[in-house]
Amino acid sequence: MAEFSLDKALAAISERFTPEMREEQRKLTRERIGRLDPNSRAAKRRRFKRHETIVLAQIAELKPLPDSELKQVRMKNLLNRLAEALSEQGDFAGAIAVSQSPDHIAEFTSIKDAIKGSREITCDCPVVRARVGRDIVALNPRFKVKTIETREGPRSLIRCANCGAMNVK
Ligand SMILES: [Zn+2]
């Protein structure tokens, strides 16, 4: 299992936050968010960008405080929230670098691999035919988990319920 190091995670984000970022974000939010459909992709991205900025600001405030157990817990929490905000914007590598949760890292890593991989189904699990009442229905084990952000725009994350293989299309 990966060794967790707060220092490593903090080093990964040291270049991300500048105080100007917060002001810029406030301005963008004031100017534009009112004009966006709240369910639109742009509004969603902006919301997670805002989360990112807020969490980065909180990390910057927490960082110089004296070390304590409470500080460690709060820092881990903030880093996990940052990882979520990054993953929702399609930055899975960034999310992996800062997350402090083995489960989330495993999930971000498989999604990142799925994005890099083939658009085609990568497993041979058969479509199962089952009788439902008088009908025979085909049950495809591969289903859409959710829509994820990628560099090329939103894509469907497909997972096989049988073997766990994932692909993105
Ligand atoms: Zn499969």
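A residue is called buried if 20 or more other C-beta atoms lie within 10 Å of its own, exposed if 12 or fewer do, and partly exposed in between, with C-beta atoms placed from the backbone. By this rule, 18% of the 169 residues of the protein count as buried. The structure is a predicted model, in which local features need pLDDT of at least 70 and side-chain atom pairs count only at pLDDT 80 or more, while totals for chains, interfaces and linings use all residues. Residues are numbered from 1 along each chain as its sequence is written.

**Exercise 1. State how many helices and strands the protein has, and give their order.**

Solution. Helices (H or I, at least four residues) and strands (E, at least two) are DSSP runs, numbered from the N terminus. The count comes to six helices and five strands. Read from the N terminus, the order is α-α-α-α-α-α-β-β-β-β-β.

**Exercise 2. Determine whether the span of helix α4 agrees or disagrees with its number of residues.**

Solution. The expected span is 1.5 Å times one less than the number of residues. Helix α4 covers residues 69–88, which is 20 residues, so it should span 28 Å. Its end C-alpha atoms lie 29 Å apart, which agrees. After α4 comes Gly90, with a positive phi near 90°.

**Exercise 3. Identify the buried residues of α4 and the elements they pack against.**

Solution. The buried residues of α4 are Met75, Leu78, Leu79, Leu82, Ala83, Glu84, Ala85, Leu86 and Ser87. They pack against α1 (6–13), α3 (41–62), α5 (92–98) and α6 (102–116).

**Exercise 4. Describe the largest nonpolar core.**

Solution. A nonpolar core is a set of buried Ala, Val, Leu, Ile, Met, Phe, Trp, Tyr and Cys residues joined through C-beta atoms within 7 Å. The largest one has 20 residues, of which Val55, Leu78, Leu79, Leu82, Ala83, Ala95 and Val98 touch the most other members. Two or more residues each come from α3, α4, α5 and α6. The largest share, seven residues, is that of α4.

**Exercise 5. Locate the two domains and describe where they touch.**

Solution. Domain bounds come from an automatic or database domain assignment. Domain 1 spans 6–101 and domain 2 spans 117–168. Their centres, taken over C-alpha atoms, are 32 Å apart. Two residues are in contact if their C-beta atoms, placed from the backbone, lie within 7 Å. On this basis, four residues of domain 1 are in contact with five residues of domain 2.
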